[in-house]
Amino acid sequence: MSYLEAIVLGFVQGVAEFLPISSSGHLSLLESWMGMEEPDNLFNVLLHFATLVAVCIAYWGDVVGMVKEFFLGAGALISRKPMEKPVPPARRLVLMVIVATLPLVVVLPVEDRVEFLGSSTLFVGFALLATGVILFVSDRLSRGRRDVKTIRVRDALLVGCAQAVAVIPGLSRSGCTISAGMAVGLDRTFAVRFSFLLSLPAVLGATLLKVVSVAAEGVDASLLPMYIVGMIVAGVVGYFAICLVNLLAQKNKFGRFAYYCWAIGLVAVITSFL
């Protein structure tokens with residue numbers, strides 16, 4: 001791996017992880033079209049960790065409040081204290097994120113079997129076309145009003161199901177979860193916020209699981225400088241991508257990404273036959 005490849009992969013991860021255009025799909029197409037090698041396990045883990053840091057920075061207040069309320073809520077359960085009424089917003093947000101993460105836990109056993117589909121340019125192309133349809137339709141839904149105080153358990157579950165389906169290469173995780181949030185009546189700004197906060201346990205869990213296998217494989221210290229460069233690029237680009245998605249969702253322009261997904265998906269389908 002070269003520094004240029006590390007920068008390119010970091011940029012793609014930072015942009016596509018948060019913009020609704022599928023990071024897995026784009027990495028797969030880069031490997032196919034440009035002959036780039038798939039990132040090794042350690043670099044892959046570090047890139048995802050960099051995007052996790054970007055979410056924590058962008059939503060620092062939420063993250064701190066959620067961590068605090070998680071431990072306060074756990075302490076209340078252990079001591080069997082009566083639950084506060086009304087439930088603090090940050091604690092309610094923690095509960096909804098936990099509920100929305102459950103469907104992803106269910107699909108974990110089959111995730112490895114699904115990931116191999118990313119090796120097919122044709123499949124990724126059709127998945128990107130489907131992502132475009134999802135984004136196009138979601139942008140035309142009526143504006144919802146539910147926020148952290150009024151989101152229902154079934155709303156969180158449906159958004160979580162969308163995240164679970166998005167393990168399919170070429171389907172955008174952020175696109176599916178934000179669109180699902182809009183479909184169940186969440187306020188657009190809150191739908192984006194909930195989607196990105198929902199990514200934290202998913203990315204953190206996947207990172208911890210992969211760290212075990214990476215430690216067993218050993219680490220090539222000579223590659224660490226390139227890994228760090230890729231991480232910095234992914235984190236910085238990811239932060240600004242989060243800001244961009246928030247801005248476009250507020251201005252009812254979230255569906256603009258549909259045209260890009262259709263274009264890149266169509267190119268992928270055509271090139272798969274060449």
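**How the helices pack**

Guide: Let's start with helix 1 (residues 3–18) and helix 10 (residues 224–250), whose axes come within 7 Å and cross at roughly 25°. Bear in mind that this is a predicted model.

Visitor: What makes helix 1 and helix 10 roughly parallel?

Guide: The crossing angle is roughly 25°, and angles under 35 degrees count as roughly parallel. Helix 1 and helix 10 therefore get that label. As for handedness, helix 1 passes helix 10 in a right-handed crossing.

Visitor: Which residues of helix 1 and helix 10 make the contact?

Guide: On helix 1 they include Ala-6, Gly-10, Gly-14 and Phe-18. On helix 10 you'll find, among them, Met-226, Val-229, Val-233, Val-237 and Ala-241. By class, the contact has 15 nonpolar, four polar and no charged residues.

Visitor: Why is helix 7 called roughly antiparallel to helix 8?

Guide: Helix 7 (residues 153–165) and helix 8 (residues 173–183) pack at about 160°, with axes 8 Å apart. Over 145 degrees counts as roughly antiparallel, so helix 7 is roughly antiparallel to helix 8. The contact uses Leu-158, Val-159, Ala-162 and Gln-163 of helix 7, and Arg-173, Cys-176, Thr-177, Ala-180 and Gly-181 of helix 8. Sorted by class, that gives five nonpolar, three polar and one charged residues.

**Buried residues and a helix length**

Visitor: How do you know whether Gln-13 is buried or exposed?

Guide: Buried means under 20% relative accessible area. Gln-13 has 0% relative accessibility, so Gln-13 counts as buried. This residue lies in helix 1. Apart from neighbours within four places in sequence, Gln-13 is in contact with Ser-23, Leu-27, Leu-47, His-48 and Thr-51.

Visitor: And what about Ser-28, buried or exposed?

Guide: Ser-28 sits in helix 2 (residues 23–34). Its relative accessible area is 11%, and the cut-off for buried is under 20%, so Ser-28 is buried too. Again leaving out neighbours within four places in sequence, Ser-28 is in contact with Gly-118, Ser-119 and Val-124.

Visitor: How do you know that the span of helix 3 agrees with its number of residues?

Guide: Helix 3 (residues 41–58) has 18 residues, and at 1.5 Å a residue they should span 26 Å. The end C-alpha atoms are 26 Å apart, so the two agree. Buried residues in helix 3 include Leu-42, Phe-43, Leu-46, Leu-47, Ala-50 and Thr-51.

Conventions: Residues numbered from 1 in each chain as written. Predicted model: local features only at pLDDT ≥ 70, side-chain atom pairs only at ≥ 80, totals over all residues. Heavy atoms only, no water. Helix = DSSP H or I, 4+ residues; strand = E, 2+ residues; numbered from the N terminus. Expected span 1.5 Å × (residues − 1). Buried < 20%, exposed > 50% of the residue type's maximum accessible area, 1.4 Å probe, protein only. Axes fitted to C-alpha atoms, helices over the stretch in contact; angles between N-to-C directions. Parallel < 35°, antiparallel > 145°, perpendicular 65-115°, else oblique. Contact = heavy atoms within 4.5 Å. Nonpolar A, V, L, I, M, F, W, Y, C, P; charged D, E, K, R; others polar. Left-handed = near helix turned anticlockwise from the far one by under 90°.
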